[in-house]
Amino acid sequence: MKIFPTASIKQLDAYIIENEPVASIALMERAAVALADAITKRWEDKATPFTLFAGPGNNGGDALALARLLMQRGYIKVTAYLFNTSGNLSPDCQANMERLAKVPDVDFHVVTTQFVPPVLTENHVVIDGLFGSGLNKPLKGGFAAVVKYINASAATVVAIDVPSGLMGEDNTYNVQSGIIRASLTLSLQFPKLAFFFAENQSFVGEWQLLDIGISEDAIEQTDTDYHLLENEDMPYLVKLRARFAHKGDFGSALLIAGSQGMAGASVLAARACLRSGVGLLTVHVPFCNNFIVQTSVPEAKTELDISDTCFTAPADTDDYQAVGIGPGLGRAVETESALLEQIDLCQTPMVVDADALNILGEKRSYIGRLPKGSILTPHSKELERLVGKCQNSYDRLMKARELAKTAGVYIILKGAYSAIISPSGKCWFNITGNPGMATGGSGDVLTGVLLALLAQGYETEIAVRLGTYVHGLAGDIACKKQGTTAMTAGDIVNALPMAWRMLEG
């Protein structure tokens, strides 16, 4: 699914109106019907008190059309406020104002000067239709005061398309007190980029997409760098195995991981790699971890480092199709030297995680020396060590995109809705995963999954999308059994077979 920046949404609307063709007022009516359907499914009681706040633009027009439809569907406590303080309504908002005013017994107020706030109780449902995604500056004055009043109430707040005051992408210089805090956001056709940023969760709340019938041609004709991974697309990315396949057909991978006291990281990554279809796996370990790895992961071979306690000597990678490095590696001086030398010697794609990323944070010039098709898997703090301090999630995403472009690497920025970024700047947001995966070792599991896919010959762009999705899907499967509190990274590994089976099926 495409995610369009607000500027592109305007272009898309214009394309639809011209080419479908459909009048803009008819498109607004479609949106209002979709909104009414969603709201009446959640609040079936006809005595539910609805209070709608409409602004002077098309978002306000949506709210006024919704108020009319709620009354037509038999809701008996619908109150609407239209804020027309400038005397300048959009044409479609004006049309819906006139339509609503003709509804018998309507409780409709047009605010031109002073606003007398209505009483809002915990039983009320407030519909926020003040401003849409086209907003480009913080709310102030009377509108900011209305937002603060709504936020201070005990009412349930439903935002149309986007919470008023929240900008569609960059909210770096926004004023948080002037943004609606919605319990539910009903987004029209597409999610907004701002929905995927942690600092906006308290404004967006739960979000739901409403199909308003935009043609596939219109969507196809409009370009964007942002996409949402979709469940139905993933099975088509999985390579099916031939009847006469053998282990040599599925690649040979090298995992460089672990140090004294950190054998578990190498075990988790190795188990995940084997559970993701790799043909052969070798784990490069210091001597102190050899027995642990061989006992815990008998399907893998081990290759011993010259050191008893950590990674100190680069490995020969000529016989491998992919290399994973970083889980539990440690930050010893000799490990840093070995990592940099390993990067220079390696000709196969690398998955770089954990301590390997932290070392690169101090040796940033080496990022551009990684083999073509390599993947970095940082969480937010690890990314900041690579790109510098970030003001917020939007800034973090933009800096990650710039790093991917300049260094020619793929980046998986881990977190809720992990962002998958290609060297071309394209981004995919992952829909699988849950808060139970916020546990030590979860990233090591992802490293193993990605390493297996690269070793099997998946193109890197496919590997990052499929691997991130499957990792999150395994987490969701584990969560159903263990719950979010008790989940461990080992539970995610154990759920990988079911995740892959679901896609194969």
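Glutamine 189 is buried, with a relative accessible area of 12%; buried here means under 20% relative accessible area, exposed over 50%, and partly exposed in between (1.4 Å probe, protein chains only). The structure is a predicted model, in which local features need pLDDT of at least 70, side-chain atom pairs count only at pLDDT 80 or more, and totals for chains, interfaces and linings use all residues. Residues are numbered from 1 along each chain as its sequence is written, and side-chain values use heavy atoms, with hydrogens and water left out.

**Overall build**

- The protein has 16 helices and 18 strands, where helices (H or I, at least four residues) and strands (E, at least two) are DSSP runs numbered from the N terminus.
- Along the principal axes, the C-alpha atoms fill a box of roughly 85 × 50 × 45 Å.
- Of the 505 residues, 59% count as buried.
- Contact means heavy atoms within 4.5 Å; among contacts between residues at least 6 apart in sequence, 73% join residues at least 24 apart.

**Domains and their interface**

- Domain 1 covers residues 2-223 and domain 2 covers residues 233-504, with bounds that come from an automatic or database domain assignment.
- The C-alpha centres of domain 1 and domain 2 are 42 Å apart, and the contact takes 13 residues from domain 1 and seven residues from domain 2.
- About 900 Å² is buried between domain 1 and domain 2, and carbon and sulfur atoms give 66% of this area. Buried area is the accessible area (1.4 Å probe) that two parts lose on being put together, summed over both.
- Thr172, Phe196 and Phe197 lose the most area on the domain 1 side, together 47% of what that side buries.
- Between domain 1 and domain 2 there are zero salt bridges, a salt bridge being a side-chain nitrogen of Lys or Arg within 4 Å of a carboxyl oxygen of Asp or Glu.
- Three residue pairs, both residues at pLDDT 80 or more, are in polar contact across the interface of domain 1 and domain 2. A polar contact is a pair of N or O atoms within 3.5 Å; within protein, one must be able to donate a hydrogen and the other to accept it, and residues adjacent in sequence count only if both atoms are side-chain atoms.
- The side of domain 1 that touches domain 2 has eight nonpolar, two polar and three charged residues. In this classing, Ala, Val, Leu, Ile, Met, Phe, Trp, Tyr, Cys and Pro count as nonpolar, Asp, Glu, Lys and Arg as charged, and the others, Gly among them, as polar.

**Backbone exceptions**

- Most residues other than glycine have a negative phi, and most peptide bonds are trans.
- Glutamine 189 has a positive phi, near 70°, and sits in the loop between β7 (184-188) and α6 (201-204).
- Aspartate 105 also has a positive phi, near 60°; this residue lies in the loop between α4 (91-101) and β4 (107-111) and is exposed, at 77% relative accessible area.
- The peptide bond from glutamate 20 to proline 21 is cis, with omega near -20°, and proline 21 belongs to the loop between α1 and α2 (24-42).

**Two buried residues**

- Threonine 6, in helix α1 (residues 6-19), counts as buried at 16% relative accessibility. Leaving out residues up to four places away in sequence, threonine 6 touches Ser133, Gly168 and Glu169.
- Isoleucine 411, in strand β16 (residues 410-413), counts as buried at 0% relative accessibility.
- With residues up to four places away in sequence not counted, isoleucine 411 touches Leu376, Pro378, Ala400, Leu403, Ala404, Ala419, Ile420 and Ile421.
- Isoleucine 411 and serine 374 are 37 residues apart in sequence and 8.7 Å apart in space, C-alpha to C-alpha.
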